[in-house]
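Visitor: Please take me through one part of this model closely. I would like to see what surrounds a single residue, and then what lies elsewhere.

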Amino acid sequence: MKIAGLDIGGANTDLAIVDFKENKINSIKIEYEYLPMWSNNHELTERLKKLIEKICPIESLDAVCISMTSELVDAYETKKEGVLDVVYKCESLFNCPIAFVGQNGVISLDNIKNNPLDAAAANWIATSQIASLINENCIFIDTGSTTTDIIPIKNGKECAIGRTDYERLATGELVYTGTLRTNLASFLDKIPINGKEYRIASELFAQTADIYMVLDKITINDYICDTFDGKPKEKIDCARRISRVVCSDLDYLSYDKIVEISKFIHKEQVKQIADCLNQVVKCQNLDFVVTTGLGKDILAYEAAKLLNLKIKSMDELLTHEECIVAPAIGAAILMDKYLN
């Protein structure tokens, strides 16, 4: 059985086509691309079709399961409107059985139309299916391009206190910080340079992708989102954007100094995640962490290490590339269980 798992985010759309034989995974093929739903949500149907057909004919799919976080983008007045937009676009595209990842598992097409908010930002439910295979009692950290999920699992089942993004922002189970698209001004107050502390210019000058390009922690192929200034993504361009965060430029700050600044910023973002992780650790009394996502080694691992927790990467089960689209793979796994 060939099942497509889709994770439709606000900025990125991830695809995993999982071939099951006798309810076991035979093969996984993945694709993902940048699709800013705040401006290009009208392209979703066609872009999904093209994404799938990079791997196989869309008619060859036996089933599709979709998770989403795109309902929060400001193209929609409400999250309900956002969910239903995705639902109806997917319904028009697929001729096979389709379902959606919800807060309590898989939701049928008919039920999601009546209860759209059940599917809002529930992709972490799908990822928990994979994390629980590594350790039945753990906290999994999924650091993507934009956000970080910190989800407790006990006895093989997720036990998050917050069920919505709104609730999880209070419980520490969601940190709105990621590997690519996070404005540096959102988590920085001051940067030490040459023995002085410089306050931050709160503008859209640089994002975390610029930091991790300069530090060689991502490649230019990982930098799939737009730059804030519309300029290229080479290291020198990233360094120039970072210099503007302190109202400077590369005539005044050397590239080596930008590297030094970037190392400081990296540590500050790790602390931001560690603060929320510590909140979940204390609440759930868990000391084992499973990391996944694009930032699993860059941020999630470092945050867990800072708290002296036991750590395993989801790449014990998946490849590094598959970890990036873990919610999509989890959605396919949930659909296989649902159909059987």
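Guide: Start with the contacts of Asp336. Set aside the neighbours within four places in sequence, and Asp336 is in contact with Met1, Ile3, Phe20 and Asn23. Bear in mind that this is a predicted model. Asp336 itself lies in helix H12, which covers residues 326-339. Now look at its charge partners. Asp336 is buried, yet it has no salt bridge. The nearest side chain of opposite charge belongs to Lys337, 8.0 Å away. A salt bridge needs a side-chain nitrogen of Lys or Arg within 4 Å of a carboxyl oxygen of Asp or Glu.

Next, the cysteines. The structure holds zero disulfides. Take Cys238: it is in no disulfide, and the nearest cysteine sulfur, that of Cys225, is 9.8 Å away. Cys238 is also buried, with a relative accessible area of 0%. Now turn to Cys283. Its closest cysteine sulfur is in Cys159, at 8.5 Å, which is too far for a bond. The cut-off for a disulfide is 2.5 Å between the sulfur atoms. Cys283 counts as partly exposed, at 47% relative accessibility.

Last, a pair of strands. Strand S5 spans residues 98-102, and strand S6 spans residues 105-108. The two run antiparallel, and four bridges join them. A hairpin of two residues links S5 to S6. Within this pairing, Phe100 stands opposite Ile107 in S6. In a regular strand, side chains alternate between the two faces of the sheet.

Key:
Residues numbered from 1 in each chain as written. Predicted model: local features only at pLDDT ≥ 70, side-chain atom pairs only at ≥ 80, totals over all residues. Heavy atoms only, no water. Pairing = 2+ DSSP bridges. Buried < 20%, exposed > 50% of the residue type's maximum accessible area, 1.4 Å probe, protein only. Lys, Arg positive; Asp, Glu negative; His and termini not counted. Contact = heavy atoms within 4.5 Å.
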